[in-house]
Amino acid sequence: MEQMYKEYRDIAEFRLVYIREAHAADSNWPMRMAKEKNITEHKDYEQRCATAEMLIDDESLTIPTLIDNMQNEVNDLYGAHPDRIFLVRGDGRLAVAGARGPWGFEPALQEAGEWLAEFRKTGEEPPLSDEVIAEADRRAAEREKAARKK
Amino acid sequence: MKSLIAALIATGLVLAANDKPLFAQSETGDSAKQRQDRRQRMLRNREGRMARDDDAPKVGDVAPVFTLKSHDGESETDLAAFAGERPVVLIFGSYT
């Protein structure tokens with residue numbers, strides 16, 4: 001992730017979106033490391049920022065990091081928990097939408113890397129097929145219809 | 001003969017001692033309830049995962065826009081601001 005950022009930050013934006021902890025020490029499925037480092041469920045935004053800061057320091061991350069709000073709104077928008085990767089094209093459509101982590105993380109990271117390599121090589125974003133766009137528009141229309149019913 | 005009897009008694013005692021926890025694990029109501037609770041928890045988690053996968057944006061969808069602050073509170077990112085400019089890689093995650 002950090003390596004990809006350093007390799008492609010000249011042609012793409014990167015943001016690490018720090019969301020609620022997946023295996024906090026006081027969660028149902030705590031990680032041993034969470035107990036050792038006393039990483040607990042975030043009680044407030046300040047604690048969330050402090051834990052993100054600890055992650056950035058411990059992993060020596062330089063990728064720009066954003067913090068989700070305490071309503072977990074962005075996490076919910078992207079169905080991201082526990083971790084997930086997306087690549088947004090210049091036109092705002094998703095070129096890569098990884099499966100949920102942990103198993104979906106590495107394949108999506110690789111897919112994003114391949115997309116960026118192609119983009120660098122050709123200078124143009126790899127296109128989306130008409131079928132993919134039509135299917136996406138159909139989903140959007142369905143979501144809009146469902147939202148109107150609510 | 002005495003030593004043979006002693007050996008048989010000792011073997012019986014060892015078997016009895018080993019059997020007890022085995023039966024206790026498999027036949028008590030608590031263990032069955034724990035297994036049932038665990039199974040229900042797993043099913044709930046799986047349903048939750050599937051619901052989140054259904055709701056997650058897919059390839060071709062317009063990425064949901066958002067504005068969030070940086071970890072140090074010094075800047076903000078508005079995803080919409082990158083539209084038509086540069087591709088954006090979003091990596092969601094936490095420490096654990």
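The buried residues of helix α5 of chain A are Phe105(A), Ala108(A), Ala112(A), Trp115(A), Leu116(A) and Phe119(A). Here a residue counts as buried if 20 or more other C-beta atoms lie within 10 Å of its own, as exposed if 12 or fewer do, and as partly exposed in between, with C-beta atoms placed from the backbone. Seen down the axis of α5(A), the buried residues fall within an arc of 95°, so they line one face of the helix. The arc is taken over the directions from the helix axis to the C-beta atoms. Helices (H or I, at least four residues) and strands (E, at least two) are DSSP runs, numbered from the N terminus.

The model is predicted: local features need pLDDT of at least 70, side-chain atom pairs count only at pLDDT 80 or more, and totals for chains, interfaces and linings use all residues. Residues are numbered from 1 along each chain as its sequence is written, while chains are lettered from A and ligands numbered from 1 in the order in which they are written.

The cover over the buried residues of α5(A) includes α1 (2-8), β3 (84-88) and β4 (94-97) of chain A, together with β3 of chain B. The face turned away from the buried side carries the exposed residues Glu114(A), Ala117(A), Lys121(A) and Thr122(A). α5(A) has 18 residues and reaches 26 Å from its first C-alpha to its last, close to the 26 Å expected at 1.5 Å a residue. The expected span is 1.5 Å times one less than the number of residues. Gly113(A) is found in this helix, which covers residues 105-122. Gly113(A) is partly exposed, with 18 other C-beta atoms within 10 Å. Gly113(A) and Glu124(A) are 11 residues apart in sequence; C-alpha to C-alpha, they are 15 Å apart in space. Just after α5(A), Gly123(A) takes a positive phi of about 80°.

Helix α6 of chain A (residues 130-149) has 20 residues. From first C-alpha to last it reaches 29 Å, close to the 28 Å expected at 1.5 Å a residue. α6(A) is hardly covered: its count of buried residues is 0.

Between the chains, 63 residues of chain A are in contact with 34 residues of chain B. Contact requires C-beta atoms, placed from the backbone, to lie within 7 Å. Helix α3 of chain A (residues 45-58) gives the most to the side of chain A that touches chain B, with 7 residues. By class, this side has 41 nonpolar, 7 polar and 15 charged residues. Ala, Val, Leu, Ile, Met, Phe, Trp, Tyr, Cys and Pro count as nonpolar, Asp, Glu, Lys and Arg as charged, and the others, Gly among them, as polar.

Strand pairing also links the chains. Strands pair if DSSP finds at least two bridges between them. Strand β1 of chain A (residues 13-18) runs parallel to strand β3 of chain B (residues 88-93), joined by 6 bridges. Leu16(A) has Ile91(B) as its bridge partner in β3(B). Strand β2 of chain A (residues 65-67) runs antiparallel to strand β1 of chain B (residues 67-70), with 2 bridges. There, Leu66(A) stands opposite Ser70(B).

Within chain B, 3 bridges join β1(B) to the antiparallel strand β2 (residues 76-78). Leu68(B) stands opposite Thr77(B). The hairpin of these strands has 5 residues between them, and Gly73(B) takes a positive phi near 75°. Ala80(B) is found in the loop between β2 and β3 of chain B. Ala80(B) is exposed, with 11 other C-beta atoms within 10 Å. Ala80(B) and Pro64(B) are 16 residues apart in sequence and 8.8 Å apart in space, C-alpha to C-alpha.

Methods: Two residues are in contact if their C-beta atoms, placed from the backbone, lie within 7 Å.
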